[in-house]
Amino acid sequence: MTKSTLRDAGLDAAEVGRRVEAVLADALHWFPVRHHSPNTARHVRAAIAAREPKVIFIEGPHEANHLVPFITDSATAPPVAIYSSYRDDNNVLGLNGVSSAAADIPARFAVWYPLVPYSPEYVAMKAAAELGAEVVFIDLPHHALIKPQGEGEGAPPPEPTEDRLITTSGFYRHLAEAAGYKSWDEAWDSLFENPHDTDHEAFRRELATFCCAARMTSDHAAEQLEGTVERERHFLKVIRETLAAKKLKPEQAMVVCGGFHLFLDRSDRVAPPPCPDGTVYTTVVPYSYFRISEMSGYGAGNRAPQFYQTCYDLTLAGRAGDVALDHAITVLRQVRKAGDPLSTADAIAITHHAGMLARLRGRAHPTLDDVHDALVTCCCKGNPAEEGTKLLAAMDAAGVGTRIGKVTAKLGRLPIVNDFHTQLADLDLGEVLGKEKKLALKLDKREPLAARRSAFLHRVAFLKVPFAAMTSAGGDFSGTLFREDWQLKWDPKTEPHLIEQNLYGDTVEAAALGRLQEEMAKVGTHAGKTCEQLVEAVNMDVPDLVQSAADASGAAIDADPSFVSQAVALQHLGHLDQFAAFRGLRRDTLDDLLTRCYDRACFALPDAASAPEQEQQHVVDSLISVAEVVQRAEKARFDRSLFAEAARTAAGVSTVPFLRGAFLGLLCEIRELPAEALAAEVSGLARAAPSVMVTAGDLLDGMLAVSRTSVMLGAEALVGAVDELLKAADWESFLVMLPRLRAAIERLGRSQKESLAGTVAKRYGLGGHEEVTAMPGGLSATALVARLDSAVATTLKVWPL
């Protein structure tokens, strides 16, 4: 970093130099790093080999220090991640019910610390193991930064990342603007990922100078938000105590940490915040390059894990100059898989072009940005967003890679992971653990083993663990009521997701129970969602929660004023009712819930009569679902007249033609209104003012949204009414009505359209529905527009133009 660069950014170059020299001259050797940087990792290894320290302090989670031997074990192969979770069992932070769904549900927090083969921290651990040096993690446990109730928002600070602190600094912003860097990744690669550098001390000085300038112009609010000072106090505490305990001199030790932290306040004697009491789990789990990539949403993600792996491997092999060519070939191989014929000659052209771009941009070596630009320039003959879609996808795939890590078996498994594997074996599902193996599973829950499998798979699916997905399920009396179809497939994310659920319990059942309790607390008095949780409790066979779920459902049903929500609840309860005896549910409890839910739905229906447009389809769907439940039930089960009266009231008060049509159509469908009454409603609009007449399309659309069979019985009268309406309409009114009239007919099935077409054909003296449906525009245009002359079967003659 030149003095002029520092001066141009408004910094005192002499002061920057003084601070850097003070750090570099410290007896304790501080080595700055950036996470997931291959060049930094290479220099860290060289520095450790040169100094041979007895202890290496690494910026890693202090609570996971006992995991270092498992990380460096020869059977462990990155990418892996350290996982650390905290559960506030005794509510010492006062966040239960604030950061959790209810006061009786513990607040839970978790973080991941990913490592790749070229992470400087991982390379330092491996180098230490080879030397016989001890590794000590110095970072503050994440849960020590959680603010108690009344002191913050009840959540930990953002995931610590020096990148964010550096990129918000005044120095970096000035540098990026002056150099024309489009991103922090481009800036870093240009400045610090030179594979031809061999002097680790020169690298250390350069990066330290950069980080010093960034810290001197940093955003102190961002530092405070991330708990930077609290973390650095923990760094110092652990370092001081460890050196004292081991009776080591500072020069016998080395610190590997983010470059921003090199300039912490070494005179700070304030103690770091204590860790709150609670349950802490730490482990190491397999990870994948996709999860480490930015594409997965990982905040501190590496934009191209596989590309940087290639940089690291080739540089160590003495082939740093082959990086651009190697990556170009990898991308073109992906493109060829997608069907585009790109050749070795293209790879050579890309490599040359990337080199020229690097030189033009003042870089000593081609960066990923140069290679990407060369790929687009040489291989995309047009707009990259259009002609380059396959190429761009291949670039993403080649950059991210597919590498999946593994962890030594010596570590053992967390209880929930062990329980998962034990249950797979007990349920004879172990074969799915084979690599890339899919298992299609058909279950009949009347069989004991199938019932146990179903409950287990429902629990896993409810926990959103990527392993099991239901492809179909029974729900009627056609012989499939107890049948479920599942597809099982092992996924690299299965175990990491399971580990995340360890916050909720030590077994799959306990975690599912904990999550379900949390979900029930979240939905509150929403009848539909609460009854959905009751179904989940039954499907997962967690009897301890079924009764409490039923009690919560009853309370929600009594309190929820929403017709849509009550209709959803009734649908869920109706599903449970179909196999209540088989599941051992108390029939009296279920009968009571069904009756209360049905009554509440009927009472709530008039309030939905004028729902806003975005909610109207939900009201219609709910009407249909309630009608289906009523029609399936025994005659004495529900008071059908109550539903009919509610629909009449709703139709009478509705100011929304679409909904009014739906209410009338429903009454027709449940035989509470003759089909001819619907035709009379349409005919009435034919004699109304144009401003009212144009609502006919919405009215008919609502009618056909809920009524099928009954409308067809009165099709002749309805067609006559539509004909009358269209003859009475002027051209502008007709154009306004046309879209909704067409939409109404499109709701019908093929047989219903043909039946209606037959009625139209008969009215106009045509041969049959075939002649009508064969006309340009289809039945919908023919039947609703009705621009047919009854004598010559042509259109538009009845309309004044």
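Trainee: What should I know before I start?

Mentor: Residues are numbered from 1 along each chain as its sequence is written. In this predicted model, local features need pLDDT of at least 70, side-chain atom pairs count only at pLDDT 80 or more, totals for chains, interfaces and linings use all residues, and side-chain values use heavy atoms, with hydrogens and water left out.

Trainee: How many residues of strand β5 are buried?

Mentor: Buried means under 20% relative accessible area, exposed over 50%, partly exposed in between (1.4 Å probe, protein chains only). Strands (E, at least two residues) and helices (H or I, at least four) are DSSP runs, numbered from the N terminus. In β5 (residues 134-139), 5 of the 6 residues are buried, so the strand is largely enclosed by the rest of the structure.

Trainee: Which residues have the most contacts inside the largest nonpolar core?

Mentor: A nonpolar core is a set of buried Ala, Val, Leu, Ile, Met, Phe, Trp, Tyr and Cys residues joined through side-chain atoms within 4.5 Å. Here the largest has 140 residues, and F467, L488 and F643 have the most contacts inside it. Another core, of 74 residues, lies apart from it; F137 and W188 are among its members.

Trainee: How many aromatic pairs are there?

Mentor: Rings of Phe, Tyr and Trp (its six-membered ring) pair if their centres lie within 6.5 Å; planes under 30 degrees apart count as stacked, over 60 as edge-to-face, the rest as tilted. The structure holds 18. Y118 and Y312 form a tilted one, 6.3 Å centre to centre with 45 degrees between the planes.

Trainee: Is Y118 buried or exposed?

Mentor: Y118 is buried, at 0% relative accessible area. Y312 is buried at 8%.
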